[in-house]
Amino acid sequence: MNMRIGQGFDVHAFGPGDFVMLGGVRIPHDRGVVAHSDGDVVLHALCDALLGALALGDIGRHFPPSDPRWAGADSRMFVRHCNAMLAEHGWALGNADITVICERPRIGPHAGAMRGLIAADLGVAVDAISVKATTTEQLGFTGRGEGIAAQAVCLLIPK
């Protein structure tokens, strides 16, 4: 069977604000993120995984932070663009597994909503999308509450 895998990683520092966007879901938090777009590390890592599986570079190549068009952009638009690129190249998502790395906010209560939005944007069943979280046991920048990270892996199958 012909298939491709891709992996992605994204990180953003916390900054002023009262929410974070994760997996397309607005989650109340005592901080926001410092980012050019909406700073959704979940969707940015996923886009990097999808683009990597296609060998088409990374999210910064397709949506450069130097381009004012992407200031404050909804990252779900990036995911839908990547999905169109999958179809253009004859691929579809088989599954994706995403891990959010942070001490706070708590991800579990929002994981189902994230899975639903991601599945809808990629045109797959919800059971093809995994969203989970881990901490770094208070070690490193995420452990000190300085930022948030996510990693993603995806499997592409022929369309």
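1. Salt bridges make a handy way in: the count comes to six, taking a salt bridge as a side-chain nitrogen of Lys or Arg within 4 Å of a carboxyl oxygen of Asp or Glu. Before the details, a word on provenance: this is a predicted model, where local features need pLDDT of at least 70, side-chain atom pairs count only at pLDDT 80 or more, and totals for chains, interfaces and linings use all residues. Numbering runs from 1 along each chain as its sequence is written, and side-chain values use heavy atoms, with hydrogens and water left out.

2. Take Arg104 and Asp30 to begin with. Their closest N and O atoms sit 2.8 Å apart in a salt bridge. The pair links distant parts of the chain, with Arg104 in the loop between β5 and α4 and Asp30 in the loop between β3 and β4, 74 residues apart. (Element names follow DSSP runs, numbered from the N terminus: helices are H or I with at least four residues, strands are E with at least two.) Arg104 is partly exposed at 47% relative accessible area, and Asp30 is partly exposed at 49%. Here buried means under 20% relative accessible area, exposed over 50%, and partly exposed in between, using a 1.4 Å probe and protein chains only.

3. Is His29 buried or exposed? It counts as buried, because its relative accessible area is 11%. The His29 side chain makes a polar contact of 3.4 Å with the side chain of Asp30. For that term, read a pair of N or O atoms within 3.5 Å; within protein, one must be able to donate a hydrogen and the other to accept it, and residues adjacent in sequence count only if both atoms are side-chain atoms. Leaving out residues up to four places away in sequence, His29 touches Phe14, Gly17, Asp18, Phe19, Val20, Arg104 and Pro105, where contact means heavy atoms within 4.5 Å.

4. Next, Lys132 and Asp97, whose side chains meet in a salt bridge at 2.5 Å, N to O. Lys132 is in strand β6 and Asp97 in strand β5, so the pair ties together parts that are 35 residues apart in sequence. Lys132 is partly exposed at 35%, as is Asp97 at 26%. Elsewhere, Arg76, Arg80 and Asp121 are linked in a network of salt bridges.

5. Which residues in the largest nonpolar core touch the most other members? Of its 46 residues, the answer is Leu22, Val42, Leu46, Leu50, Ile118 and Leu156. The core is a set of buried Ala, Val, Leu, Ile, Met, Phe, Trp, Tyr and Cys residues joined through side-chain atoms within 4.5 Å. Elements giving two or more residues to it include β2 (19–22), α1 (41–53), α3 (75–88), β5 (91–101) and β7 (147–158), and α1 gives the most, with ten residues. Leu46 touches Val79, Ala96, Ile98, Ile118, Leu122 and Ala152, not counting residues up to four places away. In soluble globular proteins, nonpolar side chains tend to be buried together.

6. Phe141 counts as partly exposed because its relative accessibility is 35%. Beyond its neighbours within four places in sequence, Phe141 is in contact with Val11, Glu146, Gly147, Ile148 and Ala149. Glu146, partly exposed at 39%, also forms a salt bridge with Arg144 (2.7 Å, N to O). Arg144 is exposed, at 55%.
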